Amino acid sequence: GTGTAGTGTGTGFTAVAPNTEDALVIPEGYEQSVVIRWGDAVLEGAPAFDFDAQTAAAAAQQFGFNCDFAGLLPIEGQADKFLLVVSHEYTTEPMMFRGYDSAAPTREQFEIALAGHGLSVVEVHGKSDSGELKPAFGKYNRRLTATSEFEVKGPAAGSDLLRTTADPTGTKVLGTLNNCAGGVTPWGTVLSGEENFNQYFANAETVTDPAGAARLKRYGIPTGASERKWETFDPRFDVAAEPNEVNRFGYIVELNPWDATSVPVKHTSLGRFKHEAATIYVAGDGSVIAYSGDDERFDYMYKFVSTKKVQPGMGAASMRHNMTILDEGTLYVAKLTGDHADEIDGSGKVPDGGFTGKGQWIPLLETGADGKGKSLVDGMSAEEVAVFTRLAGDKVGATKMDRPEDFEANPKTGKVYVALTNNTNRGKDDYPRADEANPRNLNKNGQVLEIADDHTGTDFTWTLLLVCGDPAAADTYFGGFDKSKVSPISCPDNLAFDPHGNLWVSTDGNALKSNDGLFSVILDGPDRGETKQFLTVPRGAETCGPIVTEKHVIVCVQHPGESDDATVDKPLSNWPDGGSAQPRPSVAVVWKKNGGRIGV
Ligand code: FEO
Ligand code: CA
Ligand code: CA
Ligand code: CA
């Protein structure tokens, strides 16, 4: 493999070569363990996991399926003790249940799947001389599922668009769905993106008024039956019976993990789309900026700028104030222009000076101190902008991107990074063709965008940091670094920063015939663009939730063994339990032997 020694502080490890092992492969000199697996107890007294005797009651007390986001929050005054907050994006029933019949799931399977979604809060304990982390029971441990109660805040709260038979107030939603990536706020809460919520709903064709039908189509709500057939057990998943239930998903959820009785919030001020995540940057004046991508081919990038300023500290008064910061402010969508637009031919050929350009944040929705909205989009009400945000982006001519996934600001420089994972429809048939920020047609490998943002303002400049793929291919670019010395990288998804200011990128869907992995990328100095693979995840898995601290690298190994035709009888992976065990989505931690600093 590409075993270049690291040249930047924090990247001093030997790169892991591309591979298809059924293992978590890590660099020499590092150790690993599994922190928590699907089915492990989150609540004290939870039954031991038994693959062949699953119940919904047990699942509601156990770690959910398909972990994606991970947040590690230090417990004040307790060395090496943390809250680990993890999202459970979705369930894969053919791999969860022996003999699963997708045409006729059982009620118990439906209820286990509801409980397998949502979020887990679990205390984890470490050691002073190693990075190993083990779960523990404590007063914060909690499971949120697809039936937990959430409060709706912001311009759409209480609107006609959110009222249902079960909730005529339009303010109380049961459950969160498809929680993908997320962010930890400076005030100690966790934000989680409700991403592909469309897949849980059925029968969109029964709505025939043109405006309603167009909205459902723009959000990809299925016609006919849904994949999991939940509508056959609960009419709220049937658009024909409850046309507004679907409008109650697709938001940024905020959870206060420090109070196990707190009711989490759905923030309609941040708009409704397939939120990959939301991540926070605090500007010099204390304004809070929440960045969020809409993970769909040809969809948009957004930011929300708060009106209130963050109040420092984690005391009760600060927490009360800061928990309302996302209730008041302005939502924007991004429009990008290229500096070398004439030279872009869809081949990925790099212009002199790189792919660069300017951008503008176009305001869509202002939310006032009273929680009421003001629309800044012609022909749409504030409630409509909050609930049908994609249509607002369409109207103002936002730039259609190659699937915006994670967005992350560098805490050292303030520059903002976006993973654009891929877009194989770019340039195909009548789809939009390549532009400078999305410079390849039939884009299989994705790119990473770097934005120099006027955080509270509306102008920015941008450049592409990485145009991913095989470094030997002409259509790739690694920040100007020598391409013979980098690791191949494909389909960037989640982003994280280490304490040295290096960017870490995890991948989902590697199109280069290797398992997915986690990579370090140097951003500044002569080695800008040096990209090295730190680990690879087992077969069929996606690498999620990366966290890089002084002494831990934490990843969520999502959907190990998943493939188009994987079932319980032919698992593609037996990780982490080995032998002939069924694969289990799990959180893993990697540390340097003897607890040394990562990458140093
Ligand atoms: Fe759930 Fe966009 O990845
Ligand atoms: Ca995923
Ligand atoms: Ca993702
Ligand atoms: Ca993804």
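The buried residues of helix H3 (residues 107-116) pack against helix H1 (56-59), strand E3 and helix H2 (93-96) in this predicted model. Helices (H or I, at least four residues) and strands (E, at least two) are DSSP runs, numbered from the N terminus. A residue is termed buried if 20 or more other C-beta atoms lie within 10 Å of its own, exposed if 12 or fewer, and partly exposed in between, with C-beta atoms placed from the backbone. By this criterion H3 is mostly covered, with 8 of its 10 residues buried. These are Gln109, Phe110, Glu111, Ile112, Ala113, Leu114, Ala115 and Gly116. Just after H3, Gly118 adopts a positive phi of about 100°.

Residues are numbered from 1 along each chain as its sequence is written, and chains are lettered from A and ligands numbered from 1 in the order in which they are written. In this predicted model, local features need pLDDT of at least 70, side-chain atom pairs count only at pLDDT 80 or more, and totals for chains, interfaces and linings use all residues.

Strand E3 (residues 81-88) runs antiparallel to strand E2 (residues 67-74), to which 6 bridges join it; two strands are taken to pair if DSSP finds at least two bridges between them. Leu73 has Leu83 in E3 as its bridge partner. E2 and E3 form a hairpin with 6 residues between them, and Gly77 in the turn has a positive phi of about 80°.

A further group of 6 strands forms an open sheet of mixed pairing, in the order E8-E7-E12-E11-E10-E9. Strand E8 (172-174) and strand E9 (179-184) stand at the edges with a single partner strand each, so one side of each lacks a neighbour in the sheet. Within the sheet, E10 (residues 190-194) and E11 (residues 252-255) run antiparallel and are joined by 4 bridges; Gly193 stands opposite Ile252 in E11.

Nonpolar cores were defined as sets of buried Ala, Val, Leu, Ile, Met, Phe, Trp, Tyr and Cys residues joined through C-beta atoms within 7 Å. The largest has 136 residues, and Leu466 and Val555 have the most contacts inside it. Strand E24 (residues 459-467) gives the most to this core, with 6 residues. Two residues are in contact if their C-beta atoms, placed from the backbone, lie within 7 Å. Neighbours within four places in sequence aside, the contacts of Val555 include Ser506, Leu518, Leu535, Val537 and Ala588. A second, separate core of 23 residues includes Phe110, Ala202, Ile221 and Trp230; Phe110 is also one of the buried residues of H3.
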